[in-house]
Amino acid sequence: MNRPAERSAEKAAEYDRQYRSWVERNVAKGQKTLDLEWRLKHLLWRHKVLLRRYDVRGKKVLDHGCMDGVFSFALQRAGAHVTGLDVSPAAIEQAKRFRGDAPEPVFTLEPPPREEFDLVFSNEVIEHMPDDQAFAGELASYVRPGGFIIGTTPVGRSFWDPDHKRLYNEKLLRRALQPWGRVKLTRYYRSWLRNLFPVVQRGAAVFIFEVEKLGRDPLAF
(Lines give C-alpha, C1' and ligand atoms only; values in the text may rest on other atoms or scores of the structure.)
Protein backbone atom coordinates (compact mmCIF):
# COMPACT_ATOMS: atom_id res chain seq x y z
CA MET A 1 0.00 0.00 0.00
CA ASN A 2 1.37 3.43 -0.92
CA ARG A 3 1.71 6.13 1.70
CA PRO A 4 -1.34 8.27 0.72
CA ALA A 5 -3.51 5.14 0.70
CA GLU A 6 -2.13 4.16 4.11
CA ARG A 7 -2.96 7.61 5.49
CA SER A 8 -6.47 7.39 4.05
CA ALA A 9 -7.00 3.95 5.63
CA GLU A 10 -5.64 5.18 8.96
CA LYS A 11 -7.97 8.19 8.87
CA ALA A 12 -10.98 6.00 8.09
CA ALA A 13 -10.09 3.62 10.94
CA GLU A 14 -9.68 6.50 13.39
CA TYR A 15 -13.04 8.04 12.49
CA ASP A 16 -14.66 4.60 12.70
CA ARG A 17 -13.24 4.31 16.20
CA GLN A 18 -14.52 7.77 17.16
CA TYR A 19 -17.97 7.07 15.73
CA ARG A 20 -18.37 3.72 17.49
CA SER A 21 -17.14 5.22 20.76
CA TRP A 22 -19.65 8.08 20.41
CA VAL A 23 -22.49 5.61 19.81
CA GLU A 24 -21.49 3.49 22.80
CA ARG A 25 -21.32 6.52 25.11
CA ASN A 26 -24.72 7.76 24.04
CA VAL A 27 -26.37 4.35 24.31
CA ALA A 28 -24.88 3.99 27.82
CA LYS A 29 -26.64 7.27 28.71
CA GLY A 30 -29.97 5.80 27.59
CA GLN A 31 -30.17 7.65 24.29
CA LYS A 32 -31.74 5.89 21.30
CA THR A 33 -28.80 6.73 19.08
CA LEU A 34 -29.55 4.00 16.52
CA ASP A 35 -33.21 5.01 16.17
CA LEU A 36 -33.55 7.48 13.28
CA GLU A 37 -36.89 8.93 14.33
CA TRP A 38 -35.62 9.50 17.88
CA ARG A 39 -32.51 11.22 16.50
CA LEU A 40 -34.58 13.47 14.24
CA LYS A 41 -36.85 14.37 17.15
CA HIS A 42 -33.74 15.28 19.17
CA LEU A 43 -31.91 17.05 16.35
CA LEU A 44 -29.04 19.30 17.47
CA TRP A 45 -30.18 22.86 18.16
CA ARG A 46 -27.77 24.33 15.60
CA HIS A 47 -29.09 21.96 12.92
CA LYS A 48 -32.61 23.17 13.68
CA VAL A 49 -31.39 26.75 13.24
CA LEU A 50 -29.99 25.94 9.78
CA LEU A 51 -33.25 24.29 8.71
CA ARG A 52 -35.14 27.43 9.74
CA ARG A 53 -32.72 29.81 8.03
CA TYR A 54 -32.25 28.09 4.66
CA ASP A 55 -34.87 26.99 2.15
CA VAL A 56 -33.59 23.74 0.64
CA ARG A 57 -36.73 22.74 -1.27
CA GLY A 58 -35.84 21.32 -4.67
CA LYS A 59 -32.14 22.02 -4.15
CA LYS A 60 -29.32 19.57 -4.81
CA VAL A 61 -27.45 19.42 -1.50
CA LEU A 62 -24.21 17.85 -0.27
CA ASP A 63 -23.95 17.10 3.46
CA HIS A 64 -20.15 17.04 3.79
CA GLY A 65 -19.05 15.19 6.92
CA CYS A 66 -22.52 13.68 7.34
CA MET A 67 -21.46 11.03 9.89
CA ASP A 68 -24.45 8.61 10.07
CA GLY A 69 -26.66 10.89 8.02
CA VAL A 70 -29.23 12.24 10.48
CA PHE A 71 -28.93 15.84 9.25
CA SER A 72 -29.03 14.48 5.68
CA PHE A 73 -32.43 12.95 6.45
CA ALA A 74 -33.59 16.22 8.00
CA LEU A 75 -32.57 18.07 4.82
CA GLN A 76 -34.35 15.49 2.67
CA ARG A 77 -37.54 15.81 4.68
CA ALA A 78 -37.31 19.57 4.17
CA GLY A 79 -37.43 18.95 0.41
CA ALA A 80 -33.80 18.65 -0.72
CA HIS A 81 -32.14 16.03 -2.92
CA VAL A 82 -29.28 15.01 -0.65
CA THR A 83 -25.92 13.29 -0.94
CA GLY A 84 -24.14 12.53 2.33
CA LEU A 85 -20.33 12.22 2.29
CA ASP A 86 -18.12 10.99 5.12
CA VAL A 87 -14.75 9.29 5.67
CA SER A 88 -16.03 6.76 8.23
CA PRO A 89 -17.23 3.49 6.66
CA ALA A 90 -18.98 2.53 9.91
CA ALA A 91 -20.95 5.78 9.98
CA ILE A 92 -21.90 5.52 6.30
CA GLU A 93 -23.06 1.93 6.78
CA GLN A 94 -25.31 3.07 9.63
CA ALA A 95 -26.68 5.87 7.42
CA LYS A 96 -27.55 3.27 4.78
CA ARG A 97 -29.27 1.14 7.43
CA PHE A 98 -31.34 4.17 8.45
CA ARG A 99 -32.29 4.69 4.78
CA GLY A 100 -33.24 1.08 4.08
CA ASP A 101 -34.48 0.47 0.53
CA ALA A 102 -35.29 4.12 -0.21
CA PRO A 103 -33.32 5.69 -3.10
CA GLU A 104 -32.41 8.87 -1.17
CA PRO A 105 -30.46 10.25 0.54
CA VAL A 106 -27.42 8.91 -1.29
CA PHE A 107 -24.52 8.08 1.05
CA THR A 108 -20.95 7.70 -0.12
CA LEU A 109 -17.31 7.50 0.94
CA GLU A 110 -16.16 8.74 -2.48
CA PRO A 111 -15.96 12.44 -3.43
CA PRO A 112 -18.87 13.40 -5.72
CA PRO A 113 -18.51 15.31 -9.01
CA ARG A 114 -17.27 18.91 -8.85
CA GLU A 115 -19.67 21.87 -9.14
CA GLU A 116 -22.59 19.46 -8.75
CA PHE A 117 -24.50 21.08 -5.88
CA ASP A 118 -26.60 24.16 -5.16
CA LEU A 119 -25.71 24.00 -1.47
CA VAL A 120 -22.98 22.30 0.52
CA PHE A 121 -23.51 21.96 4.28
CA SER A 122 -20.57 21.20 6.56
CA ASN A 123 -21.35 21.23 10.26
CA GLU A 124 -18.59 21.26 12.86
CA VAL A 125 -15.97 19.79 10.55
CA ILE A 126 -13.67 22.68 9.62
CA GLU A 127 -12.23 22.95 13.15
CA HIS A 128 -10.93 19.36 12.79
CA MET A 129 -8.99 20.12 9.59
CA PRO A 130 -5.21 20.76 9.75
CA ASP A 131 -5.48 23.17 6.78
CA ASP A 132 -8.83 24.92 7.10
CA GLN A 133 -8.38 27.15 4.04
CA ALA A 134 -7.68 24.14 1.82
CA PHE A 135 -10.68 22.36 3.32
CA ALA A 136 -12.90 25.37 2.55
CA GLY A 137 -11.56 25.21 -1.02
CA GLU A 138 -12.58 21.56 -1.23
CA LEU A 139 -16.11 22.48 -0.12
CA ALA A 140 -16.19 25.25 -2.73
CA SER A 141 -15.18 22.82 -5.45
CA TYR A 142 -18.46 20.93 -5.07
CA VAL A 143 -20.64 24.06 -5.38
CA ARG A 144 -21.83 25.42 -8.72
CA PRO A 145 -21.09 29.14 -9.34
CA GLY A 146 -23.71 31.16 -7.50
CA GLY A 147 -24.27 28.38 -4.98
CA PHE A 148 -23.46 28.44 -1.29
CA ILE A 149 -21.33 26.73 1.34
CA ILE A 150 -23.19 26.76 4.67
CA GLY A 151 -21.97 25.40 7.96
CA THR A 152 -21.29 25.75 11.64
CA THR A 153 -18.20 25.74 13.81
CA PRO A 154 -17.85 26.30 17.56
CA VAL A 155 -17.07 29.77 18.86
CA GLY A 156 -13.92 29.57 21.00
CA ARG A 157 -14.06 26.60 23.37
CA SER A 158 -17.75 25.81 22.82
CA PHE A 159 -18.17 22.04 22.38
CA TRP A 160 -14.42 21.55 22.77
CA ASP A 161 -13.02 18.27 21.46
CA PRO A 162 -9.39 17.08 21.69
CA ASP A 163 -9.41 16.62 17.91
CA HIS A 164 -10.09 20.33 17.30
CA LYS A 165 -7.14 22.05 15.63
CA ARG A 166 -8.00 25.65 16.55
CA LEU A 167 -10.28 27.96 18.53
CA TYR A 168 -12.18 30.17 16.12
CA ASN A 169 -12.89 33.85 16.36
CA GLU A 170 -14.43 35.79 13.49
CA LYS A 171 -11.10 36.97 12.05
CA LEU A 172 -9.59 33.46 11.95
CA LEU A 173 -12.68 31.90 10.40
CA ARG A 174 -13.06 34.65 7.81
CA ARG A 175 -9.40 34.19 6.78
CA ALA A 176 -10.09 30.52 5.98
CA LEU A 177 -13.26 31.23 3.99
CA GLN A 178 -12.54 34.55 2.25
CA PRO A 179 -10.60 33.18 -0.76
CA TRP A 180 -13.57 31.10 -1.89
CA GLY A 181 -16.36 33.64 -2.20
CA ARG A 182 -18.51 36.25 -0.48
CA VAL A 183 -18.54 35.48 3.25
CA LYS A 184 -21.23 36.12 5.85
CA LEU A 185 -20.72 35.11 9.50
CA THR A 186 -23.34 35.00 12.25
CA ARG A 187 -22.66 34.24 15.90
CA TYR A 188 -25.56 32.15 17.22
CA TYR A 189 -26.05 31.18 20.86
CA ARG A 190 -27.68 28.03 22.17
CA SER A 191 -29.90 30.17 24.41
CA TRP A 192 -32.17 32.03 21.97
CA LEU A 193 -32.57 34.94 24.40
CA ARG A 194 -28.87 35.76 24.00
CA ASN A 195 -29.40 36.16 20.27
CA LEU A 196 -31.64 39.17 20.89
CA PHE A 197 -28.64 41.27 21.96
CA PRO A 198 -25.84 42.24 19.55
CA VAL A 199 -23.01 42.31 22.09
CA VAL A 200 -20.61 39.37 22.40
CA GLN A 201 -21.52 37.23 25.40
CA ARG A 202 -20.31 34.11 27.12
CA GLY A 203 -22.10 30.83 26.56
CA ALA A 204 -22.32 27.94 24.13
CA ALA A 205 -22.34 29.34 20.60
CA VAL A 206 -21.49 28.56 17.00
CA PHE A 207 -20.53 30.63 14.02
CA ILE A 208 -22.94 30.02 11.17
CA PHE A 209 -20.90 30.64 8.05
CA GLU A 210 -22.21 31.26 4.56
CA VAL A 211 -19.99 31.53 1.49
CA GLU A 212 -21.47 32.46 -1.87
CA LYS A 213 -19.31 30.98 -4.61
CA LEU A 214 -18.35 33.54 -7.22
CA GLY A 215 -18.68 33.05 -10.95
CA ARG A 216 -15.02 32.16 -11.29
CA ASP A 217 -12.32 30.77 -9.04
CA PRO A 218 -11.27 33.77 -6.89
CA LEU A 219 -7.69 32.43 -6.81
CA ALA A 220 -7.42 32.07 -10.58
CA PHE A 221 -5.33 34.63 -12.48
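**Close-up views of the structure**

**View A. Phenylalanine 121 and what it touches.** Leaving aside its neighbours within four places in sequence, phenylalanine 121 is in contact with Leu50, Tyr54, Val56, Val61, Leu62, Asp63, His64, Phe71, Leu75 and Ile150; contact here means heavy atoms within 4.5 Å. As you look around, keep in mind that this is a predicted model, in which local features need pLDDT of at least 70 and side-chain atom pairs count only at pLDDT 80 or more, while totals for chains, interfaces and linings use all residues. Residues are numbered from 1 along each chain as its sequence is written, and side-chain values use heavy atoms, with hydrogens and water left out.

**View B. The largest nonpolar core.** How many residues make up the largest nonpolar core? There are 27, and Leu50, Leu75, Phe121 and Ile208 have the most contacts inside it. Such a core is a set of buried Ala, Val, Leu, Ile, Met, Phe, Trp, Tyr and Cys residues joined through side-chain atoms within 4.5 Å. Buried means under 20% relative accessible area, exposed means over 50%, and partly exposed lies in between (1.4 Å probe, protein chains only). At least two residues of this core come from each of helix H2 (36-41), helix H3 (45-53), helix H4 (70-77), H5, S4 and strand S7 (205-212). Helices (H or I, at least four residues) and strands (E, at least two) are DSSP runs, numbered from the N terminus. H4 gives the largest share of this core, five residues. Another core, of 26 residues, lies apart from it, and Val125, Val183, Phe207 and Phe209 are among its members. In soluble globular proteins, nonpolar side chains tend to be buried together.

View C. H4 is mostly covered, with six of its eight residues buried. Glycine 79 follows H4 and has a positive phi, near 110°. In H3, the buried residues are Trp45, Arg46, His47, Val49 and Leu50. Their cover includes H4, S4, S5, S6 and S7.

View D. Which residues of H7 are buried? They are Leu173, Ala176 and Leu177. Seen down the axis of H7, these buried residues fall within an arc of 95°, so they line one face of the helix; the arc is that of the directions from the helix axis to the C-beta atoms. An α-helix has 3.6 residues a turn, so residues three or four places apart point the same way. On the face of H7 turned away from the buried side, you will find the exposed residues Lys171 and Arg175. H6, strand S5 (143-154), strand S6 (182-189) and S7 are included in what covers the buried residues of H7.

**View E. Helix H6 packing on helix H7.** Two packed helices are described by the angle between their axes and the distance between the axes. Helix H6 (residues 132-141) and helix H7 (residues 170-177) pack at about 50°, and their axes are 7 Å apart. That makes H6 oblique to H7. Angles under 35 degrees count as roughly parallel, over 145 as roughly antiparallel, 65 to 115 as roughly perpendicular and the rest as oblique. The axes are lines fitted to C-alpha atoms, for helices over the stretch in contact, and angles run from 0 to 180 degrees between N-to-C directions. On the H6 side, Asp132, Gln133 and Ala136 meet Arg175, Ala176 and Leu177 of H7. Three of the residues in this contact of H6 with H7 are nonpolar, one is polar and two are charged. Ala, Val, Leu, Ile, Met, Phe, Trp, Tyr, Cys and Pro count as nonpolar, Asp, Glu, Lys and Arg as charged, and the others, Gly among them, as polar.

**View F. Backbone details in the loops.** The peptide bond from glutamate 104 to proline 105 is cis, with omega near 0°. Proline 105 sits in the loop between helix H5 (89-99) and strand S3 (106-108). Glutamate 115, in the loop between S3 and strand S4 (117-123), has a positive phi near 50° although the residue is not glycine. Glutamate 115 counts as partly exposed, at 44% relative accessibility. Glutamate 124, in the loop between S4 and H6, also has a positive phi, near 55°. Is glutamate 124 buried or exposed? Glutamate 124 is buried, with a relative accessible area of 18%.

View G. Valine 200 is found in the loop between S6 and S7 and counts as exposed, at 61% relative accessibility. Setting aside its neighbours within four places in sequence, valine 200 is in contact with Arg187 and Tyr189. Leucine 196 is found in the loop between S6 and S7 and is exposed, with a relative accessible area of 55%.
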